[in-house]
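Keep the structure open beside you as you read.

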Amino acid sequence: MTFKELIELYRSGKASDMQKKVVEDEVEKFEAVSDYVYSDRDDGELTISTGSANSKTADPDYEESATFVQSVRKQIKHSFLRMGAYIIIIVIVIIVIQAFLPYIVDKFYYDPTKEIVISDTKDEGPQTVQQIELDFAIYSQLHMPLERRSDAFATPQGYGKYNISITQHTFTNSEYIQPAVGGQIVRDELTLTPPDFLDMNVMRGNFTYDKSVSYSEELEDGTVVEIPLDKEYAQHNKDFLSEMEVLDKDRQIKAIISFKEPVSYEKMLSIEKKYDLASPWYAVKTTSEDAFNLDFGFSALDNKVYESYENNKYPYLFKEMDGHEDDEAYMKQYFLSMIKYEGDQKEFLKTFDPLFEFNSDIYQSAYDFVDKNGLNIYGIVTYVDKNQAKELVDDNIAYEIKFKDFGRQ
């Protein structure tokens, strides 16, 4: 009878007392062998001493038991090896994911830290700035009158998250210090401190540019009357000058000055010189519409210049004016290059203009209109004292003049 058959008798309860004792002795022996297999041995091998070589062949039951133990040991060893390999692979995968996933996620969103080469000379080598520095410098020049910010910086946090800083700087000719702005970009969602920074500074239909000659108003008795716009704006200007009277004669305020009709760039320069206006921001007509809500413009005032950042796609972008302020063709190309550059920055516009009012189609439309019709100015933002304001109103230069803020002394 084989040992396997003996076990079956034991399991079925048909074994005799002697057969039961044989099985139980073998089980006890197997448990001892198992303990030996799991013991901490350096060689990992199992050695079974049987007393003599003949005893192995003399006891077939023992030989079968030993073979079974060796088979179990090998299976256990192979299982542990496979498990160890799986664990190592899983750990490596987790490490790789943790190391590279933040950067992989970054690729799906606007990356303000991308390095842009602005110059590459033999002596100094390549000089770079971050993407956000160029993008925001041009955006603020086009849409934030006299609030141009050309010092912006971002630090990556991973998973599409960046801390950003738009630092303060000074207009050297006015000593007007702008406050620093901080915030975060989290997967194209922008948060700024102060939160209303863009709302307060981006020009969105702040000029009076409407070809209508009057508007309707219903009186208390139900009568509808037509109010001439000329009369309405004249009253606005009168109120503005009255408020200016309380200021010291040298106190300047930022004012939005609208013209009744757009003027050429050449005409604008003559107005600027006649009334001694300091580096105004010019609102440029970019559509054939008689009324619109989005304002594009520029100032000839340089705050930061990347002298070598030049290519055929964006001529004169960020070049020094260097006496070119009076050259309308030069300034037109400078303005067109800014429009073209910013219109190409779709990810930036999506992040910094969540309503996407300044979208790429509008930039292209503005580019085409100015390219065909030239620089026509329908208003300016500039600093004026009360005497300058009065002259602009009295001489019918200012169709409407209104406060922007009291930011400058």
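In which loop is Asp-188 found? Asp-188 sits in the loop between β7 and β8. Before going further, please note that this is a predicted model, in which local features need pLDDT of at least 70 and side-chain atom pairs count only at pLDDT 80 or more, while totals for chains, interfaces and linings use all residues. Residues are numbered from 1 along each chain as its sequence is written, and side-chain values use heavy atoms, with hydrogens and water left out.

Back to Asp-188: its phi is near 70°, a positive value in a residue other than glycine. Asp-188 counts as buried because its relative accessibility is 13%; buried means under 20% relative accessible area, exposed over 50%, and partly exposed in between, with a 1.4 Å probe and protein chains only. The names of helices and strands follow DSSP runs, numbered from the N terminus: helices are H or I runs of at least four residues, and strands are E runs of at least two.

Two strands pair here if DSSP finds at least two bridges between them. To find one of them on screen, look for Ser-165, whose bridge partner in β7 is Gly-182.

Follow the chain past β8 and you come to Pro-194, in the loop between β8 and α6 (197-201). The peptide bond that joins Thr-193 and Pro-194 is cis, with omega about 5°.

Now look at what covers the sheet. Of the 13 residues of α5, 13 are buried, so the helix is largely enclosed by the rest of the structure. In the loop between α5 and β3 you will find Leu-146, another residue other than glycine with a positive phi, near 55°. Leu-146 counts as buried because its relative accessibility is 6%.

The largest nonpolar core has 70 residues, and the members that touch the most others are Phe-136, Tyr-139, Leu-198, Ile-257, Phe-298, Phe-335 and Phe-352. A nonpolar core is a set of buried Ala, Val, Leu, Ile, Met, Phe, Trp, Tyr and Cys residues joined through side-chain atoms within 4.5 Å. Helix α9 (residues 328-344) gives the largest share of this core, eight residues. A second, separate core of nine residues includes Met-203, Phe-207, Trp-281 and Val-381.

Leaving aside neighbours within four places in sequence, Phe-352 is in contact (heavy atoms within 4.5 Å) with residues including Tyr-110, Phe-136, Tyr-139, Ile-185 and Leu-198.

Met-331, found in α9, is buried, with a relative accessible area of 0%. The C-alpha atoms of Met-331 and Leu-375 are separated by 8.5 Å, although the two are 44 residues apart along the chain.

Helix α11 has buried residues as well: Ser-360, Tyr-363, Ala-366, Tyr-367, Phe-369 and Val-370. Among the elements that cover them are α5, β12, β13, α9 and α10. After α11 comes Gly-374, with a positive phi near 85°.

Finally, step back to the whole chain. Its secondary structure comes to twelve helices and 15 strands, and 40% of its 409 residues count as buried. Contacts between residues 24 or more positions apart make up 65% of those with a separation of 6 or more.
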